[in-house]
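Welcome! Take a look at the structure below, and then we can walk through it together in questions and answers.

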Amino acid sequence: MPVARTHSIALVGVEGYPVEIETDIANGLPCLLLVGLPDTALREARDRIRAAIINSHEQWPQRRVTVGLSPASLPKRGSGFDLGIALSILAAAGAIPAAAIDGVAFLGELGLDGRLRPVRGVLPAMAAAAGAGFVKVVVAQANAAEAALVPGLRVAGAPTLAGLLAWLRGEPASRDEEVACAVPGEPGQPGLLGRPGTPGLLPGSSLDPALAGAPGPGGAIPAGAAASRARRPRPRPDLSEVLGQPAARRAAEICAAGGHHLSLLGPPGAGKTMLAERIPTVMPALDRTAALEVTSIHSVAGTLPAGSPLMTEPPFCAPHHTATKAAIVGGGTGIIHPGAASLAHRGCLFLDEAPEFAGDVLDALRQPLESGEVMIARSGLIARFPARFMLVLAANPCPCAKGTATGVACSCTPTARRRYLARLSGPLLDRVDVKVELLPVGRAELLSDRHFAESSPVVAARVAAARERTAARLKDTPWRLNAEIPGSELRRAFPPSPGSLTPIERAMDLGQISARGVDRVIRVAWTLADIAGIARPTVNETSYALGLWLGTGVLGAGT
C-alpha cells in the first residue's frame, strides 16, 4: 500500500509552519505509532482518532500503522492534527481517494463520536497555510468564519468526520453533517475541491444560518443566536463620566493620540481606574492589518469574543496585581501562551495598584516596552508574540493612600513612602512618557464639571485627526505612531523646530533626564504638535512634553 499524505499547520507562538503528515500501513501487530516530536496531547490522539473513525462507521486497519509528522525537528503540540492524521490513515487504507486530499490543509480536533471540535490559533495557522501556497483548507465548522478572514483561501467547515468523508467522496450527507464552504467567488461556483455543490460565499461572510445567527429555513432563529440577541448590551464607558482632573484627561488624550505610556499617581477615588478604563473609548478602531494581528493573538490564547471572528476595537487588558511573570509576558509549560502584554497589543495594558505587582513582573515589561514584542525561549524553539501596547500604571502615593489628601494626615513614615514607590523601578519609569499626579476631586468640580466634561466621541475625533497627521508624516516608513519611531530616526528625519530643544538641553545639564528620556520627550512633543495641527514642535510643545515626562507638567502649554 503506498504512503498517504495530508498536511496541517503547527503553531509556535503566532507563527505557523506547514507540517506534512505521512501514513504507512504495513503487516504486523495492530498498532498506531506516532513519530515526529509529538507532545502529550498529540500522543493521546491515537485513541481519539481510532474511536472517531470507528464511530463514523469506517473500518480501522487491523495492521501496523505508522504516522510521521515532518519536519521531524519541529515540536508538534496540541490536538489540531487529529483531522489530518485521521484522513491520512483512511487514505492509506483506501477508504477515500488520495486526490481528494491532495494540496489541502486540515486543522481540527476529533471527538470520540467523530465530531469536529474547534481549536485555538486558526487565524495565524491559516495565514501560514496561505503563505505556504495552500488555497484549500478544511477546519471545524466553529472555526470556519475565523479561517475565512484570510484572503485567497477556499475554506470548508465540517461538523463531523462522517460528513466530511461523504463530501470528499461526493456522496450525500445528512443535513446536520453537511459541509459548509466559504469560497472567494460568486454563488454557484465549484466547491472546495472543484466539485459542484455547496454555493461559495465570500471570505468573512457567514457560512450558514447557524453560524451567523440569521433566520434559517422557515424564518426560525437558532436558540443560541436568539439568546445572544436577547442579552442587552452593556453601556459603553464614556470619558465625560470622569469628573475633574483636567490635566489627567488631557494626558490621556495625548497618550491615546501618540501611543505613549502613562503613569497616574493619586489617592483612592481620584479617578485613576475610571480614566484608564475609558482610554480605549477615545482610540480609533483598528485598521485591517492591526485587527488581524490582534485577532491572531487572541485566537492563540482562546479569548476571541463569541460570534466575532475579527476584533476591530483596541483591546483593554487589566490583570490583577497577583499575576505572575508568565501571565504578564507569556509562557507556560508545553504550549506557550501569550501573556497580558501581548493580549493588549495595539490596545491598552492597565496595571492598577502597580506597586503591588512583584518587582520582577514589572521589570519583565522593560524589554517589550522598547522592542514591541515578547520573545520566549524554550528548549528547541523561540516563540515571538507582538506586544506593541500602551502601558498605563496607577498607584497610590503611599501605603495608607492619604499622601495627597487635603486635610488628612498621612500615617506613613517617609521611609515607608519611599519604599512603597520604589517598587516601581527607575528603569521602568524611565520608559514611561507621561507622568501625572491626580488630586482629590472637590465638591465644586463634582457638581459643576458634569456639564463641561468632554465626551469620548469629542476627544476621539481630536485623537483621530492627530493620528491622521502622524500617518501622513510617516507614510513611507514602517511606523504608525510617534511612540514607535526609533530615536536615531527621530533625530535624523524628524527634528523639532530650531531652538525648541533648549528646555531639554537644560534638563540634561542638570541630570534630570536620560538619553532615552530625551527621545521620549521629543516623541510626545511631536504628538502635541499633531494635536495642535502645527508642522513641527516648538519650544511650547517641548517644554510641556518635558514637564509631562518629569511629572511636573501643568495644563497650559500645548493645549
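Q: Is Leu37 buried, partly exposed or exposed?
A: Before we start, note that this is a predicted model, where local features need pLDDT of at least 70, side-chain atom pairs count only at pLDDT 80 or more, and totals for chains, interfaces and linings use all residues. Residues are numbered from 1 along each chain as its sequence is written, and side-chain values use heavy atoms, with hydrogens and water left out. Buried means under 20% relative accessible area, exposed over 50%, and partly exposed in between, with a 1.4 Å probe and protein chains only. With a relative accessible area of 47%, Leu37 is partly exposed.

Q: What is the phi of Leu37, and where does the residue sit?
A: Helices (H or I, at least four residues) and strands (E, at least two) are DSSP runs, numbered from the N terminus. Leu37 is not a glycine, yet its phi is positive, at about 60°. Its place is the loop between strand E3 (31-35) and helix H1 (40-43).

Q: Is His57 buried or exposed?
A: His57 also has a positive phi, near 65°, in a residue other than glycine. You can find His57 in the loop between helix H2 (45-55) and E4. Its relative accessible area is 72%, so His57 counts as exposed.

Q: Which peptide bond is cis, with omega near 5°?
A: Look in the loop between strand E4 (64-70) and helix H3 (82-92), where Pro71 has its place. The cis bond is the one from Ser70 to Pro71.

Q: How many disulfides does the structure hold?
A: A disulfide is counted here as a pair of cysteine sulfur atoms within 2.5 Å. The count for this structure is zero.

Q: How far from the sulfur of Cys255 is the nearest cysteine sulfur?
A: Cys255 is in no disulfide, and its nearest cysteine sulfur belongs to Cys348. Cys255 is buried, at a relative accessible area of 0%, and Cys348 also counts as buried, at 0% relative accessibility. The distance from the sulfur of Cys255 to that of Cys348 is 9.4 Å.

Q: Which strands stand at the edges of the open sheet of five strands?
A: Two strands pair if DSSP finds at least two bridges between them. The sheet has the order E12-E15-E18-E11-E19, with parallel pairing. Each edge strand has a single partner strand, so one side of each is left without a neighbour in the sheet; these are strand E12 (316-317) and strand E19 (434-437).

Q: Which residue in E15 stands opposite Cys317?
A: E12 and strand E15 (residues 348-351) pair in the parallel sense over two bridges. Opposite Cys317 stands Leu349.

Q: At what angle does helix H9 run to E19?
A: Helix H9 (residues 246-258) lies across strand E11 (262-265), strand E18 (390-395) and E19. Axes are lines fitted to C-alpha atoms, for helices over the stretch in contact (heavy atoms within 4.5 Å). Angles run from 0 to 180 degrees between N-to-C directions. For H9 and E19 the angle is about 165°.

Q: How many of the 13 residues of H9 are buried?
A: H9 is mostly covered. Its buried residues include Arg249, Arg250, Glu253 and Cys255.
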